[in-house]
Amino acid sequence: MKNPIRWWNFSLRTLLILVTLSSIAFAYVGYQLSVVRARKALLKELIADGFHITTQDEISHAMQPLKPVGVPDPSVPIVRAWLGDEAIARVGYFPHQKPNVEKAARINRLVPEASLVEMEPLQIPCHPGCFPHGTLVETAAGPRPIESITVGDEVYSISPQGKKILLPVVSIFRTTNRLWIVQTNRGELRTTETQPLCQRLDAFIDVGKLQPGDTILRWSASDSPDGEVQIAEVISKTKTDETVPVINLVLGNREPFIAGGFLARSKPPRDETAEVKLDQHFHHRHETQP
């Protein structure tokens, strides 16, 4: 009879220890989950404000290094990674977006691994033409809102022969800008004043320079089995009072993509060497496309 009693007492102690350890583990995971949620809420807020968030996973796709040599790569604890968190390499902003002391403190507290960087104002050949959230971009998986596109995703471009071709997104540009509305006989497009639209597959015109009667290109997926390029006549262009977060994609060297049903020029890379290399890659893809 004594052995069962000793065995039971030992098991109860073990059970209490396990319960205690489990409670500590659950409390730790719960705390980390709250951190993940707070980080995601902050990043969503920053993106909505036009900040440029670069994750560590995107570093390998960047045109220029974002961290000085010798600085460890940003990371998050493995538990938070299991919970869906990811390391942020950089929180970038333009001078007019400079965060106040309170917001900067929140960023440093919630994403301490990130560099808070003031980005240089746009220079040629960069253009601030972009598209607002909700603009549908044509991808192999169907139309997707532009804000859901990530680096490495493939979106449809249009070759010089007028055929759809998949190209990877090299990087993503985010800022804030005033919206313009272009009305055509084949639908409406919401974009920005300096966004170049295709007049031909090899010629572009900024939205702000459009005049009634001008023509631009759109893509129709319904009028033929494989889709086709169509001509749309501009009826009007209107500058709105809305200044909102906007996005553009870098595909290579100004390759068009389908945004809101219209053919728009992608944002060119700022690195001229990379621009030439990507341009050669793009034409090689066209020449070898079956």
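Is Y93 buried or exposed? Y93 is buried, at a relative accessible area of 8%. Buried stands for under 20% relative accessible area, exposed for over 50%, and partly exposed for what lies in between (1.4 Å probe, protein chains only).

This is a predicted model, in which local features need pLDDT of at least 70, side-chain atom pairs count only at pLDDT 80 or more, and totals for chains, interfaces and linings use all residues. Residues are numbered from 1 along each chain as its sequence is written, and side-chain values use heavy atoms, with hydrogens and water left out.

**Aromatic pairs**

The whole structure holds two aromatic pairs. Rings of Phe, Tyr and Trp (its six-membered ring) pair if their centres lie within 6.5 Å; planes under 30 degrees apart are stacked, over 60 edge-to-face, and the rest tilted.

F51 and Y93 make a tilted pair, 6.1 Å centre to centre with 45° between the planes. F51 sits in the loop between α1 and β1 (52–55) and Y93 in strand β2 (residues 88–93), so this pair ties together parts 42 residues apart in sequence. Helices (H or I, at least four residues) and strands (E, at least two) are DSSP runs, numbered from the N terminus. F51 is buried too, at 2% relative accessibility.

F131 and F257 pair edge-to-face, 6.0 Å centre to centre with 80° between the planes. F131 belongs to strand β4 (residues 131–132) and F257 to strand β15 (residues 256–259), so parts 126 residues apart in sequence are tied together. Both F131 and F257 are buried.

**Salt bridges**

The count is nine salt bridges. Each is a side-chain nitrogen of Lys or Arg within 4 Å of a carboxyl oxygen of Asp or Glu.

| Pair | Closest N and O atoms |
|---|---|
| R106 and E45 | 3.2 Å |
| D241 and R178 | 3.9 Å |
| D202 and R200 | 3.2 Å |

R106 and E45 form a salt bridge. This pair links distant parts of the chain, with R106 in helix α3 and E45 in helix α1, 61 residues apart. R106 is partly exposed at 25% relative accessibility, and E45 is partly exposed at 28%.

D241 and R178 form another salt bridge. D241 lies in strand β14 (residues 228–250) and R178 in strand β9 (residues 171–184), so the pair ties together parts 63 residues apart in sequence. D241 is exposed at 75%, whereas R178 is partly exposed at 32%.

D202 and R200 are both exposed. A network of salt bridges links R39, R80, D85 and E113.

**Helix α3**

Which residues of helix α3 (residues 101–110) are buried? They are K103, A104, I107 and L110. These residues cover an arc of only 145° around the axis, which puts them on the same side of α3 (the arc is taken over directions from the helix axis to the C-beta atoms). V101, E102 and R109 are exposed on the other side of α3. At the start of α3, a side-chain oxygen of N100 comes to within 3.2 Å of the backbone nitrogen of E102.

**Surface patch**

I17, L18, L21 and I24 make a nonpolar surface patch of about 400 Å². Patch residues have over 30% relative accessible area and no salt bridge; like charges are joined within 9 Å, and nonpolar side chains (Val, Leu, Ile, Met, Phe, Trp, Tyr) within 5 Å. Accessible areas come from the Shrake-Rupley method with a 1.4 Å probe, and for residues only the protein chains shown count as cover. I17 is in helix α1 (residues 2–48).

Technical notes. A polar contact is a pair of N or O atoms within 3.5 Å; within protein, one must be able to donate a hydrogen and the other to accept it, and residues adjacent in sequence count only if both atoms are side-chain atoms.
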